[in-house]
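I opened the model today and kept notes as I went. Here is what I looked up, entry by entry.

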Amino acid sequence: MLELQQILWRSAGSEFQLRIPRLSIKPGITLLVGRNGAGKSSLLKLLATAQFPAAGEIRYNGLTVERDLPVIRSMIGFVPTGIELYDEMKAAKLLHYLAELKGGANQQHLDFLMDAFHITPFKTKKIKTLAQGIRQRIALAQAWIGSPAYIFLDEPLNALDSLERLRFIRFMASNAREQTIVVSTHELNEWDVWADQVIWLEGGQIRYHGSIEDWNHGLQLSVWEGQLDSVACSELDPAIILHMRSEDRVYTVRCIGQEPPAAHFTKQTTSLEDAYFIRCRCSDRSRSIG
Ligand SMILES: Nc1ncnc2c1ncn2[C@@H]1O[C@H](COP(=O)(O)OP(=O)(O)OP(=O)(O)O)[C@@H](O)[C@H]1O
């Protein structure tokens, strides 16, 4: 269990502050969502001990940074955005080297990770010759070296193709039972059946923390779908449209609202991303009213 108490972090170069009075993160996959600049990367860096709060405390199964930093770091796997790998090293060598740094290389475990992350065909290639997606898979694989109890991933799916995205999410889900994995993402629907919890950050504060099931319920707006011609479509408020596709000048529109925009629209099941859109929209509206 990860426990945060009275956390305050101030950005050195801006007015931004992250304030978390209290947060407990259970084992499993927790999605960290929010707009650009909400504080997701800042929170992940705090959790990964890559930076420290100005005030407050984070406990890792009772251990604290002040007393137990080396032990805590040995329990953490971290993939920040834009991680830089050693260009001149070969893929397998790099993973072996990183495993040595983490306290010892177990070749069987490294082979398992290279298979799981589909790195084996490229293991003798220099990092600089590899495609961006393969580099990202190496960056992800290194986080699992030593089977850490805590894994923090900042937009891990970036640069992965759709097959590799699914493969990675499945790997994570099948390995997440004993691990606490916090993953920031702008693509919620991909995690739909795999994630356990959601944390929604806005302006450095937690707006929601709870189960995936609760995230989609108790919303002020519903999701509607129906077909419109181009004239009716152009009269819709763009701010309520989630998705639109056209065929032979007929538009199939997925949108949000308390009521359907036209009588023939039908109510749809709310996806994780729909719920995010609704929550942001309601938050903007209450801010503009207040
Ligand atoms: N090292 C830093 N120096 C200065 N300001 C920073 C630093 N890191 C973050 N910030 C500021 O903190 C705020 C939060 O940034 P952060 O990167 O945590 O947001 P985010 O939710 O991860 O955004 P995105 O979705 O764009 O990645 C921003 O206003 C940013 O300018």
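**Entry 1: ground rules.** I call a residue buried if 20 or more other C-beta atoms lie within 10 Å of its own, exposed if 12 or fewer, and partly exposed in between, with C-beta atoms placed from the backbone. This is a predicted model, where local features need pLDDT of at least 70, side-chain atom pairs count only at pLDDT 80 or more, and totals for chains, interfaces and linings use all residues. Residues are numbered from 1 along each chain as its sequence is written. Helices (H or I, at least four residues) and strands (E, at least two) are DSSP runs, numbered from the N terminus.

**Entry 2: the whole chain.** I looked up the overall make-up. The protein chain has nine helices and 14 strands. Its C-alpha atoms fill a box of roughly 65 × 45 × 35 Å, taken along the principal axes. Of the 290 residues, 33% count as buried. Then I looked at contacts. Two residues are in contact if their C-beta atoms, placed from the backbone, lie within 7 Å. Among contacts between residues at least 6 apart in sequence, 69% join residues at least 24 apart.

Entry 3: I began with strand S6 (residues 76-79). Ile76 and Phe78 point one way from S6, Gly77 and Val79 point the other way, and all are buried. I noted the general rule: in a regular strand the side chains alternate between the two faces of the sheet.

Next came pairing. Two strands pair if DSSP finds at least two bridges between them. S6 runs parallel to strand S7 (residues 150-154), and four bridges join them. Val79 stands opposite Leu153 in S7. S7 also pairs with S8, in the parallel sense, over five bridges. There, Leu153 stands opposite Val183 in S8.

How many residues of strand S8 (residues 180-184) are buried? I found five of its five. Thr180, Val182 and Ser184 lie on one side, Ile181 and Val183 on the other, and all are buried. Strand S3 (residues 28-33) runs parallel to S8, joined by five bridges. Leu31 stands opposite Val183 in S8.

**Entry 4: Ile25.** Ile25 sits in strand S2 (residues 17-25). Why does Ile25 count as buried? It is buried because 21 other C-beta atoms lie within 10 Å. Leaving aside neighbours within four places in sequence, Ile25 is in contact with Leu2, Thr30, Thr180 and Val182. Thr180 and Val182 are on one side of S8. I also checked a pair: Ile25 and Leu101 are 76 residues apart in sequence and 28 Å apart in space, C-alpha to C-alpha.

**Entry 5: two backbone angles.** I looked for positive phi values. Ser147 has a positive phi of about 45° although it is not a glycine. Ser147 is in the loop between helix H5 (132-143) and S7. It counts as partly exposed because it has 14 C-beta neighbours inside 10 Å.

Ala159 is not a glycine either, and its phi is positive at about 80°. Ala159 lies in the loop between S7 and helix H6 (162-175). With 16 C-beta neighbours inside 10 Å, Ala159 counts as partly exposed.

**Entry 6: two domains.** The assignment gives domain 1 (2-215) and domain 2 (222-289). Such bounds come from an automatic or database domain assignment. The domain centres, taken over C-alpha atoms, are 33 Å apart. The contact takes 10 residues from domain 1 and seven from domain 2. Strand S9 (197-202), strand S10 (205-211) and helix H7 (212-215) each supply at least two residues of the side of domain 1 that touches domain 2. That side has six nonpolar, one polar and three charged residues.

**Entry 7: an open sheet.** Four strands form an open sheet in the order S12-S13-S11-S14, with antiparallel pairing. Strand S12 (241-247) and strand S14 (266-268) are the edges, and each pairs on one side only. Strand S11 (residues 222-229) pairs with S14 over three bridges. Trp224 has Lys267 as its bridge partner in S14.

Conventions: Nonpolar A, V, L, I, M, F, W, Y, C, P; charged D, E, K, R; others polar.
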